[in-house]
Amino acid sequence: MGLLDILTSIKDRAEKFLNEKNVVTDFLGKVEEKTGIKKKILAFGAVSVTGLYLVYGYGASLLCNLIGFVYPAYYSIKAIESPSKEDDTKWLTYWVVYGVFSLGEFFSDIFLYWFPFYYAFKCLFLLWCMAPMSWNGSQVIYNKVVRPVFLRHEATVDNMVSNLSGKAMSAAENLTREGTDQCS
């Protein structure tokens with residue numbers, strides 16, 4: 001699949017979305033009625049302004065994190081409420097990759113924030129991770145990176161978690177015992 005095919009697919013999906021009945025298209029329809037500007041132009045303008053804000057705007061980090069959180073959170077809740085298991089797996093995979101990315105970003109933030117267009121690229125990365133296609137970023141990264149590392153270290157992590165939970169239970173019991181002894 002070439003770049004032209006991908007762009008055509010995105011254009012087709014965007015046009016299909018703009019012709020569906022939903023909150024966004026209802027809002028765009030009202031704006032179109034008042035201004036006379038077509039929904040397609042309004043949507044393109046909104047995407048352009050968002051992109052420019054991610055490059056130059058104050059608080060681009062917040063906007064980028066909202067984009068990476070709100071849409072996936074909404075569809076994750078819908079997936080939980082649906083009887084299908086496939087959508088649950090899709091969104092669980094997204095959240096695992098999002099968590100791994102956020103953890104890596106936390107430790108490298110001192111370097112990353114110096115890169116120009118960082119938030120625009122981060123937002124594009126998150127959009128790729130949540131894209132409604134079979135080769136989206138979360139599927140690719142999970143299958144190529146996260147899963148192999150997890151499978152390689154699963155037994156070690158399971159042992160550590162088991163040991164830690166045993167120690168936590170023991171500490172809780174000791175605290176409870178000490179608290180009970182002091183009340184007597």
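## Aromatic pairs

F106 has 56% relative accessibility, so F106 counts as exposed; the cut-offs are under 20% relative accessible area for buried, over 50% for exposed and partly exposed in between, with a 1.4 Å probe and protein chains only. This is a predicted model, in which local features need pLDDT of at least 70 and side-chain atom pairs count only at pLDDT 80 or more, while totals for chains, interfaces and linings use all residues. Residues are numbered from 1 along each chain as its sequence is written, and side-chain values use heavy atoms, with hydrogens and water left out.

Rings of Phe, Tyr and Trp (its six-membered ring) pair if their centres lie within 6.5 Å; planes under 30 degrees apart are stacked, those over 60 are edge-to-face, and the rest are tilted. That rule gives 13 aromatic pairs. Y94 and W95 make an edge-to-face pair, at 5.1 Å centre to centre and 80° between the planes. Y94 is buried at 1% relative accessibility. W95 is partly exposed at 26%. The F106 and F107 ring centres are 5.1 Å apart with planes at 85°, so this pair is edge-to-face. F107 is exposed, with a relative accessible area of 64%. Ring pairs also build a cluster: F69, Y71, Y74, Y75, W91, Y94, W95 and Y98 are linked.

## Nonpolar core

A nonpolar core is a set of buried Ala, Val, Leu, Ile, Met, Phe, Trp, Tyr and Cys residues joined through side-chain atoms within 4.5 Å. The largest one has 15 residues. L54, C64, W91, Y94, Y119, L126 and M130 have the most contacts inside it. Helices α4 (60-81), α5 (86-112) and α6 (118-130) each give two or more residues to this core. Helix α6 gives the most, with 7 residues. Helices (H or I, at least four residues) are DSSP runs, numbered from the N terminus.

In soluble globular proteins, nonpolar side chains tend to be buried together.

## Cysteines

The whole structure holds 0 disulfides, a disulfide being a pair of cysteine sulfur atoms within 2.5 Å. For C123, the nearest cysteine sulfur is that of C64, 4.6 Å away. C123 is buried at 4% relative accessibility. For C129, the nearest cysteine sulfur is again that of C64, at 11 Å. C129 is buried too, at 2%.

Contact means heavy atoms within 4.5 Å. Leaving aside neighbours within four places in sequence, C64 is in contact with L54, Y119, K122, C123 and L126. L66 is found in helix α4. L66 is partly exposed at 42% relative accessibility. L66 and C123 are 57 residues apart in sequence and 9.7 Å apart in space, C-alpha to C-alpha.

## Largest pocket

Pockets are found on a 1 Å grid over the protein atoms alone: a pocket is an open set of points where a 1.4 Å probe fits, with protein on both sides within 12 Å along at least five of seven lines, and lining residues have an atom within 4 Å of a point. Grid points are joined across faces, edges and corners, and a volume is the space filled by probe spheres set on the points.

The largest pocket holds about 2400 Å³ of space. Its lining has 43 residues, of which A14, F17, V47, Y71 and L127 lie nearest the centre. Helices α1 (3-19), α2 (23-35), α3 (39-56), α4 and α6 each give two or more residues to the lining. Helix α1 gives the most, with 12 residues.
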